[in-house]
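Subject: Structure handover

Hello,

Here is the structure I promised to pass on. Please open it alongside this email, and my notes follow below.

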Amino acid sequence: LPWSALVPFADTLNHANVATKYDFDVDGNGAFRLYPPGTNSYEKGGEVFNSYGRRPNDNLLLEYGFAMMDNEWDVYDVRMVADPKDELWQPRRKLLARLGISTVR
């Protein structure tokens, strides 16, 4: 998201990568609602989760003070150095391009 907000009730819930919907002031009622959109459900007495969005661990840690063990949105930058004089340089570069991995000289 290009923005963040402190939402007092919603921010008390634990984060999970679940679908979450919000709305506010529907028909001028002044109410804030957080609810599951139908793709997830909760059992009576079960824990309700909020989602802070599809965020990597560095963002979760910086913005919210926690990180997830198996975060599917986590990313890692890997730098590899290859010598353009190497005879396999061009085939490797083409393979990386086919895989959608950018190369920078």
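The protein carries 12 positive and 15 negative side chains. The centres of these two sets lie 12 Å apart. Please keep in mind that this is a predicted model.

**Overall build**

The protein has 2 helices and 2 strands. Along the sequence they follow the pattern β-β-α-α. Along the principal axes, the C-alpha atoms fill a box of roughly 70 × 30 × 25 Å.

Of the 105 residues, 15% are buried. The exposed surface comes to about 9,000 Å². Carbon and sulfur atoms supply 55% of that area. I also looked at contacts with a separation of 6 or more: 41% of them come from residues 24 or more positions apart.

**The aromatic rings**

The count comes to 3 aromatic pairs. One of them joins Tyr 52 and Phe 66, with 6.1 Å centre to centre and 50 degrees between the planes, which is a tilted arrangement. This pair links distant parts of the chain. Tyr 52 sits in the loop between β2 (32-35) and α1 (57-64). Phe 66 sits in the loop between α1 and α2 (89-98). The two residues are 14 residues apart.

Phe 66 has 25%, so it counts as partly exposed.

Phe 66 also pairs with Tyr 64. Here the ring centres are 6.5 Å apart and the planes are at 45 degrees, so this pair is tilted. Tyr 64 is partly exposed, with a relative accessible area of 27%. Ring pairs therefore link Tyr 52, Tyr 64 and Phe 66 into a cluster.

Which residue lies 36 residues away along the chain, with its C-alpha atom 7.9 Å from that of Tyr 52? It is Ala 16.

Arg 54 is found in the loop between β2 and α1 too. Its relative accessible area is 68%, so Arg 54 is exposed. The C-alpha atoms of Arg 54 and Glu 72 are separated by 8.5 Å, and these residues are 18 residues apart along the chain.

Glu 47 has its place in the loop between β2 and α1 as well. With a relative accessible area of 42%, Glu 47 is partly exposed. What does Glu 47 touch, leaving aside its neighbours within four places in sequence? It is in contact with Asn 14 and Tyr 42. Trp 73 is another matter: its C-alpha atom is 22 Å from that of Glu 47. Those two residues are 26 residues apart along the chain.

**The loop between β1 and β2**

One backbone angle belongs in these notes. Asp 27 has a positive phi of about 55 degrees, although it is not a glycine. Asp 27 lies in the loop between β1 (21-24) and β2. At 79% relative accessibility, Asp 27 counts as exposed.

**To look up in the viewer**

- Ring cluster: Tyr 52, Tyr 64 and Phe 66.
- Positive phi: Asp 27.
- Contacts of Glu 47: Asn 14 and Tyr 42.
- C-alpha separation of 8.5 Å: Arg 54 and Glu 72.

Best wishes

Conventions: Residues numbered from 1 in each chain as written. Predicted model: local features only at pLDDT ≥ 70, side-chain atom pairs only at ≥ 80, totals over all residues. Heavy atoms only, no water. Phe/Tyr/Trp six-rings, centres within 6.5 Å; stacked < 30°, edge-to-face > 60°. Helix = DSSP H or I, 4+ residues; strand = E, 2+ residues; numbered from the N terminus. Buried < 20%, exposed > 50% of the residue type's maximum accessible area, 1.4 Å probe, protein only. Contact = heavy atoms within 4.5 Å. Areas by Shrake-Rupley, 256 points an atom, 1.4 Å probe, with all protein chains shown as cover. Lys, Arg positive; Asp, Glu negative; His and termini not counted. Charge placed at Lys NZ, Arg CZ, Asp CG, Glu CD.
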